[in-house]
Amino acid sequence: MVFLLTSFAIFAQSQNDLVCRLGFDYEISLSPNWGKGKPVITSVYPYSSAEQAGLKVYDVIEAIDGTPVTDLSIEEIALKMNLAGKDAVTFTVSNLATATKKVAVKKECKPVNAITEDQLAVAFAMYSLETTSQRTFTCPFTTTVTLEAVDFARFRTFAFSAVEDNNMLEVTINDCIEKELIKKGMTKDPVSPDILIRTFYYFDKNPNYKGRSMVVVESDPVYRYDFTQKRMVQFPFLHPATSEAEAEYLLQLGFRFIDQKVNPGRILWECESNELLEKAFRLEEYARNHIPLMCMQYPYVKYGRNVPFKVNQTIYNYTGISYDIDRLEYVADVDRNSPAYAAGVRPRDIIEKIDGHKMNRSAEEFSAAYREFISTTMKYRDPSTIFTDANGFKKCMFWDKFHYTQVADILQNSRSKAPFAYLYYYAPYVNPAGTNASTFQIKRGRNNMELIIRPTVRTELTVEIN
């Protein structure tokens with residue numbers, strides 16, 4: 001595993017030793033069906049000003065501070081978003097809920113050398129893979145879009161084709177789809193819908209099943225994100241490269257959106273999933289798990305087949321301190337209204353110790369100690385939980401519950417150089433006492449202070465198309 005304290009992302013202007021972020025990513029759309037030639041928001045960061053302002057994934061940016069984006073080049077769009085001297089940017093956006101609305105997003109500015117606690121939590125993820133990881137997976141979805149250049153923004157209401165009496169499976173499927181479309185801002189209209197939705201599905205034993213191949217190919221278990229449990233879960237699916245004859249069961253689930261407004265009967269969008277299984281699996285459960293993933297490509301389609309997803313999960317202790325990446329004992333910034341600010345921490349303070357761990361170490365020293373921690377504690381992990389993370393590290397495992405005490409002892413030992421273990425102080429394998437409060441020894445000028453900071457546990461979770 002590569003550990004780089006300097007590998008944190010910057011997404012906006014850098015001027016006068018400050019980095020300013022708006023809290024979202026975007027790309028210029030090439031889709032004739034959604035925002036062609038305009039910026040489409042592809043991710044919104046948790047706890048960011050963009051999230052607080054109400055921006056959503058797949059919002060189309062129509063104008064920036066009143067200037068239509070169609071009047072700007074790609075370079076001018078980036079410049080307009082990051083003009084110096086402005087504390088906020090006003091975006092005019094469109095989506096499936098509304099034709100246009102204005103959203104003011106405040107800039108979040110920090111010193112250019114500052115590293116925040118969410119970035120440090122990712123850097124030290126091996127302390128707590130149970131709560132912090134970046135994982136990827138691929139689903140065998142086939143998504144088809146009309147070849148005509150029709151704008152999906154014109155279609156804001158939907159209904160479902162008639163369901164046969166007592167067909168509870170189809171009712172469940174439709175309920176899952178309805179929930180996702182309402183999240184996107186669409187409205188159900190059984191009387192005069194813009195879109196009619198038809199579903200199709202199949203699950204049975206494979207009539208062409210010939211048994212598993214005599215050649216055993218070692219492969220990782222199939223994990224996917226389960227929206228019902230809000231975590232990565234192992235599924236009994238075979239890898240797409242597996243021959244269909246080796247699958248004992250076959251599963252198909254799909255649904256199509258049919259135009260009822262402009263050209264009735266035209267299929268606007270369709271998504272179909274075909275799975276190979278080694279044992280039986282209920283279609284209702286499959287629908288609840290996978291329809292949220294299938295709907296993520298509406299209205300903005302990026303992949304026609306085999307859709308890759310990325311799950312970013314970080315649960316960490318937030319105090320509000322940002323550290324100086326060059327000298328980590330220096331406080332580069334402190335968020336107002338944060339636990340650290342309330343406790344008395346201020347920018348330019350020097351943190352001498354956190355929970356007894358000295359802070360006067362270089363990034364290289366912390367990195368070396370972290371690598372040693374990973375290797376020496378591997379024996380305390382549970383092999384049954386093994387997974388490969390988004391960076392390709394194949395030995396990611398949760399802690400064995402019977403070894404929580406040993407892990408905590410190692411982290412508390414000064415040789416581990418683990419002051420940033422406080423980010424996971426709420427976890428029993430870091431702090432068995434369960435008292436989620438940390439002691440910061442601060443030096444300010446000639447004064448020395450001991451501050452008790454009671455952090456807020458923050459949960460940052462995004463599931464997005466990779």
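This report covers the second largest pocket and two residues, Arg288 and Met449.

## Basis

This is a predicted model: local features need pLDDT of at least 70, side-chain atom pairs count only at pLDDT 80 or more, and totals for chains, interfaces and linings use all residues. Residues are numbered from 1 along each chain as its sequence is written, and side-chain values use heavy atoms, with hydrogens and water left out.

## The second largest pocket

The second largest pocket holds about 1,400 Å³ of space. A pocket is an open set of points on a 1 Å grid over the protein atoms alone where a 1.4 Å probe fits, with protein on both sides within 12 Å along at least five of seven lines; lining residues have an atom within 4 Å of a point. The volume is the space filled by probe spheres set on the points.

Its lining has 39 residues; Val57, Glu180, Lys183, Phe227 and Val463 lie nearest the centre.

## Arg288

Arg288 sits in helix H5. Helices are DSSP runs of H or I, at least four residues, and strands are runs of E, at least two, numbered from the N terminus. Helix H5 (283-294) supplies at least two residues of the pocket lining.

Arg288 has 38% relative accessibility, so it counts as partly exposed (buried is under 20%, exposed over 50%, partly exposed in between; 1.4 Å probe, protein chains only). Leaving aside neighbours within four places in sequence, Arg288 contacts Thr172, Cys176 and Thr228 (contact: heavy atoms within 4.5 Å).

## Met449

Met449 belongs to strand S25 (residues 447-453). Its relative accessible area is 25%, so Met449 is partly exposed.
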